[in-house]
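Trainee: I have a model open and I'd like to learn how to read it. Can you walk me through it?

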Amino acid sequence: MNNSGNPGSTTPRVIARAAHNVSRDEISKSALKVLYRLHKAGYQAFLVGGGVRDAMLELHPKDFDIATNATPEEVRALFGNCRLIGRRFRLAHVRFGREIIEVATFRAAANHADDDSEHDHAGRIIRDNVYGTIDEDVWRRDFTCNALYYNIADFSIWDYVDGFEDVKRRRLVMIGDPAQRLREDPVRMLRAVRFAAKLNFTIDASVVDAMRGLTGLLANVPAARLFDEFQKLFQSGFAERTFDLLREHRLFGELFPATEQELSQDENFMSFVRAALQNTDRRVSEDKSVTPMFLLGVFLWVPIKKLAASKRSEEKMSESQSLALASFDIVAQQQRRISLPRRFTIPMREMLALQPRFAFVRGRRAMNLLEHRRFRAAYDFMLLQSEAGHIDAELARFWTDVQNQSTSEREVSFQMQAQPGKKRRPRRRRRRQSSQES
Ligand code: ATP
Ligand code: MG
């Protein structure tokens, strides 16, 4: 029997160290330091969330969240390398070099009538910052697999919600009433999909049912938060599976409406997007860097290309120009859902506007493309298009080969040397410039 629908249970099942596989070897040294120091100072200290869940699944967790009964100020007093952050929740960040360990004080559930939490008209929590005890803290967590508490005092796991069994059965079960919990925070729909993709879990039918009517609530979520979530969804190494699940649960269209509209009627676009997602996953698995601007460019490519074509039919301009202009407009539309920082939209626009230039393989201007600061990204983008069959493979091979050539070889490739028998026309003097100089 699952008691996840029974908030308020105050007796956890305690799973002794001998009965579970969460080993301290799986927990980072820094997280252990924080746990031990809190414990020695007389506070309760638990590892919670993804750290425990992923350790149980032998997935080598990288991110560690700690829950304690010490207040943020008390945590700060214990650690020199500590900062308090957060508007919605006050959290302590303890820093060890590049690693940050997040320490959260136990919080009470957000649905008490007399507490310090607020809901908006859609039932969304907009503020909750009420400290509580562990047996209150557990009920505000999202899924049972995320609500396992690893106790540093004796290495046992405290489980109030049958999360231990759900992890073993690979089930994603919501704590409490799924519809109510999704209304409180619609991002939990995206989290459900993200965890299902990453962990290979089945989303419980009750959650799937509840999501069906609530996907539209994502429109109320601040666009900046959705950008953070977008990155987690697509840069964690499971982008393709996440994409399929997002579409299956009608969530993708809430995030990228223009993309969804094109995908549903354009198989070529779908195969291009898929190639890009697979490529992203491959890069993550090889520990190579991934930038959100690349996938954004992929997702917005067909909407931008279509708008660019219509701009060209109205006004005379180059293809590159029209792509840059169309990028502006489509990005502005997309910003209403997901805020896209300029440091990503500017390079994205450049990358897309360079695409027409790959068609030209003669002359200095063509060769200069190799020196463009956005060449690498634009080339990768073009290569994916050719993998998806949208660009001639010959052309893609040309641009691959010339990158490894010396300057003189390139001049041959781009047919820049004077051809025997043909006289080179003398350069015309630029009269205006010279007259200005005199
Ligand atoms: P990962 O770090 O792999 O993304 P995680 O489960 O640790 O997964 P975090 O976002 O780091 O996810 O959050 C830590 C924990 O905080 C979660 O496991 C969950 O218990 C709780 N939590 C985070 N976000 C929410 C939310 N939107 N609603 C309810 N609980 C949440
Ligand atoms: Mg985490």
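Mentor: Start with burial: buried means under 20% relative accessible area, exposed over 50%, and partly exposed in between, using a 1.4 Å probe and protein chains only. Helices are DSSP runs of H or I with at least four residues, strands are E runs of at least two, and both are numbered from the N terminus. This is a predicted model, where local features need pLDDT of at least 70 and side-chain atom pairs count only at pLDDT 80 or more, while totals for chains, interfaces and linings use all residues. Residues are numbered from 1 along each chain as its sequence is written, chains are lettered from A and ligands numbered from 1 in the order written, and side-chain values use heavy atoms, leaving out hydrogens and water.

Trainee: Which residues of α13 are buried?

Mentor: They are Phe269, Met270, Phe272, Val273, Ala275, Ala276, Leu277, Asn279, Thr280 and Asp281. Contact means heavy atoms within 4.5 Å, and these buried residues pack against α9, α10, α12, α14 and α18.

Trainee: How far does α13 reach from its first C-alpha to its last?

Mentor: The expected span is 1.5 Å times one less than the number of residues. Helix α13 covers residues 267–285, 19 residues in total, and reaches 27 Å, close to the 27 Å expected. After α13 comes Asp287, with a positive phi near 60 degrees.

Trainee: Where does Thr259 sit?

Mentor: Thr259 is in helix α12, and it counts as buried because its relative accessibility is 0%. Leaving aside residues up to four places away in sequence, Thr259 touches Phe252, Phe269, Phe299, Leu300 and Pro303.

Trainee: How many residues surround ligand 1?

Mentor: A residue is near a molecule or strand if one of its heavy atoms lies within 4 Å of it. Ligand 1 has 16 residues around it, and the closest are Arg53, Asp63, Asp185, Arg188 and Arg194. A polar side-chain atom of Asp63 lies 2.7 Å from an oxygen atom of ligand 1.

Trainee: And how many disulfides are there?

Mentor: A disulfide is a pair of cysteine sulfur atoms within 2.5 Å. By that rule the count is zero.

Notes: A polar contact is a pair of N or O atoms within 3.5 Å; within protein, one must be able to donate a hydrogen and the other to accept it, and residues adjacent in sequence count only if both atoms are side-chain atoms.
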